[in-house]
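Here is a short report for a reader meeting this structure for the first time. Look over the model, then follow the headings.

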Amino acid sequence: MKGLARLVAVLAIVVLSASPASADSGWTIRSFNADITIRGDGSLVIVEAIDVDFAGLEKHGIFRDIPTRYRYDDTHDRLYRLVVQRVTDASGRGVTYQVSPGFAMTEIKIGDPGRTVRGSQSYRIAYTVEGALNAFADHDELYWNVNGPDWGVPTLAAGARVFAQGVPGAIGNVACFQGLTGATETCKATGTTFAATRPLSPGEQLTIVASLAKGAIAVAPPMLVDHPRTFVDHFSTSPAALAAAAVVLVAGLFGVWWIWWTRGRDRGPARGAIVAEFEPPDKLRPAQLGVVVDESADPRDLVATIVDLAVRGYITITEHPKHGLFGRTDWTLDKKKPGDDLLPYERKLFDGLFKDGDSVLLSSLKGTFAPTLKSAEGLLYKDAMQRGWFVADPSRVRVAYAGLGCLGVVVGVGLAFLLGQLAGWGFAGLAVVPAGVALLVLNRAMPARTESGAAVLERTLGFKRYMDTAETDRAKFAEQEGLFTAYLPYAVMFGSVDRWLRAFAGLDVTKSVSSWYVGPGPFQANLFASSFTSFSGSLASTVVSTPGGSGGSGFSGGSSGGGGGGGGGSW
């Protein structure tokens, strides 16, 4: 039984902690009536008669919250000036109260903190309000929420009376609404006396409207102050704000297109039909053609260079088979001759491979070769610029436009905040962001080839077409064993190694391959295809890997509302 009692206690705590705080309930407002006197100067004198029944609850009293700041438009708030005159009971005897003006609401806390009351209680709150009347072209108007929607208890009866002090006949047409905010349910209006036709549930309110003869009452202009902007207010959906955002968006994207059109396009005439080329243009090396093709000195170009150095007799590659169930295939690279006649980027790779001796195990380069690769990439860009293939260094162009794109995004966000604060035109600032994003996405398309660079590209694409279609005419290669190895580095650069290997499947390439690639046993063409594919993949992942990381391969109307209102509760 003790265990059951403990379980019940725990469940009770969980339920109570998961439930929202109990509402102000258990008592009722028996009647809420207001006498509203309109003075000749436009101010209001309001006396609220609030009769409540606390039943058996012990309470100190009630509090009454009256709004004094309202949203006027996108940039302004309207202020009412409220002054509490007195608080009494039904017999006119003074009651302890405290007034607490807030940003948008004035609270009148009624009751003695050292004394509690029960049962029926009556409160009379007298206060003045300035700035509440509304002026129109043909009439003036009082639009007043009598009790407000923010009471947590029902109101059994609600009503109001309106008087125009010293101005007989000033009040004309009247209307009355009851229900939740925005409700159009009418209530009873007899002359200038108004009454709800039913009890009002928590959240429901009584709203009265009384027109005034134009000029009978001195109606001052609304008292307006700047509206403090919330996050939503920063993004106005007014036609002007949205039109400005649309203009900025179109102009920004057009500007990106214009930059590409004037700076990012290749120079010279438009590319014509691609004609097959049967050898590398001007006998250029694989990495050189790779830079021209994609405007980037990437790891695949430099992996192709290492293979090319082997094919040209500078390096020998020896395969070591894996040992054991979890072993891995590895390769040794041996220097065969000095690289004094190599191009600068080739020499950088060559010296980086053999900086610790004339022989290196491929796996030992993992995590250490990336700086050499980066330097070689820089030299490859320099080689392309010296040959006049690009208007500007492609790597620097991409970085510049990527930076400009990031700046565009930052500026757009900053403008959204600034314009949102100043005028609510945050969307106009955000419209800059897509242009920045477009520059980030298109930065790789911004390097421009010169006319000579575009010509080399066209010929390179012709050579690629030849290599891509080689498999369909294998007979032509039957007596061109040397062609297989000579163009193999280009296949690595184009990413078409498998296709190139299939083009020579079944042909005897022993002599051309065995001079630079040594397998674990007698040469077999089909085994070489698998071995070389494995080698090129391992080489790519090894040379790009960095310390602490695995790297990558380099191959992948009217209603309730109005002024007044508010609500209240008990304490």
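## The disulfide

A disulfide is a pair of cysteine sulfur atoms within 2.5 Å. The structure holds one disulfide. C176 and C187 form it, with an S to S distance of 1.7 Å. The link is left-handed, with -95° about the S-S bond. It ties distant parts of the chain: C176 sits in strand β14 and C187 in the loop between β14 and β15, 11 residues apart. In general, a disulfide is a covalent bond between the sulfur atoms of two cysteines.

Are these two cysteines buried or exposed? Both C176 and C187 are buried. Buried means under 20% relative accessible area, exposed means over 50%, and partly exposed lies in between (1.4 Å probe, protein chains only).

## Ground rules

This is a predicted model, in which local features need pLDDT of at least 70, side-chain atom pairs count only at pLDDT 80 or more, and totals for chains, interfaces and linings use all residues. Residues are numbered from 1 along each chain as its sequence is written, and side-chain values use heavy atoms, with hydrogens and water left out.

## The chain as a whole

The chain has 14 helices and 24 strands. These are DSSP runs numbered from the N terminus: helices are H or I with at least four residues, strands are E with at least two. Of the chain's 571 residues, 43% count as buried.

The accessible surface comes to about 27,900 Å². Carbon and sulfur atoms account for 59% of that surface. Accessible areas come from the Shrake-Rupley method with a 1.4 Å probe; for residues, only the protein chains shown count as cover.

## A seven-stranded sheet

Seven strands make an open sheet in the order β6-β9-β2-β1-β13-β16-β15. The pairing is mixed. Two strands pair if DSSP finds at least two bridges between them. Which strands form the edges? They are β6 (81–88) and β15 (188–190), and each pairs on one side only. Neighbouring strands are turned by 15° against each other on average, direction ignored. Such angles run from 0 to 180 degrees between N-to-C directions, with axes as lines fitted to C-alpha atoms, for helices over the stretch in contact.

Within this sheet, β1 (residues 28–38) and β13 (residues 158–164) run parallel and share seven bridges. N33 stands opposite G159 in β13. Strand β2 holds D53. D53 counts as partly exposed because its relative accessibility is 24%. W27 is 26 residues from D53 in sequence, but their C-alpha atoms are 5.8 Å apart. In a regular strand, side chains alternate between the two faces of the sheet.

Why is strand β17 (residues 205–213) described as largely enclosed by the rest of the structure? Because eight of its nine residues are buried.

Strand β11 (residues 139–145) runs antiparallel to β17, joined by seven bridges. Here N145 stands opposite T207 in β17. Strand β14 (residues 171–179) is also antiparallel to β17, again with seven bridges. There I171 has L212 in β17 as its bridge partner.

## Helices and a nonpolar patch

F254, W257, W258, W260 and W261 make a nonpolar surface patch of about 550 Å². Patch residues have over 30% relative accessible area and no salt bridge; like charges are joined within 9 Å, and nonpolar side chains (Val, Leu, Ile, Met, Phe, Trp, Tyr) within 5 Å. A salt bridge is a side-chain nitrogen of Lys or Arg within 4 Å of a carboxyl oxygen of Asp or Glu. W257 lies in helix α2 (residues 239–264). At 39% relative accessibility, W257 counts as partly exposed.

Helix α7 (residues 394–423) contains L418. L418 is partly exposed, at 44% relative accessibility. H234 is 184 residues from L418 along the chain, yet their C-alpha atoms are separated by 8.9 Å.

## Two positive phi angles

Most residues other than glycine have a negative phi, and most peptide bonds are trans. A55 has a positive phi of about 55° and is not a glycine. A55 is in the loop between β2 (44–53) and β3 (61–67). Its relative accessibility is 41%, so A55 counts as partly exposed.

E295 is not a glycine either, and has a positive phi of about 60°. E295 lies in the loop between α3 (286–294) and α4 (299–311). At 8% relative accessibility, E295 counts as buried.
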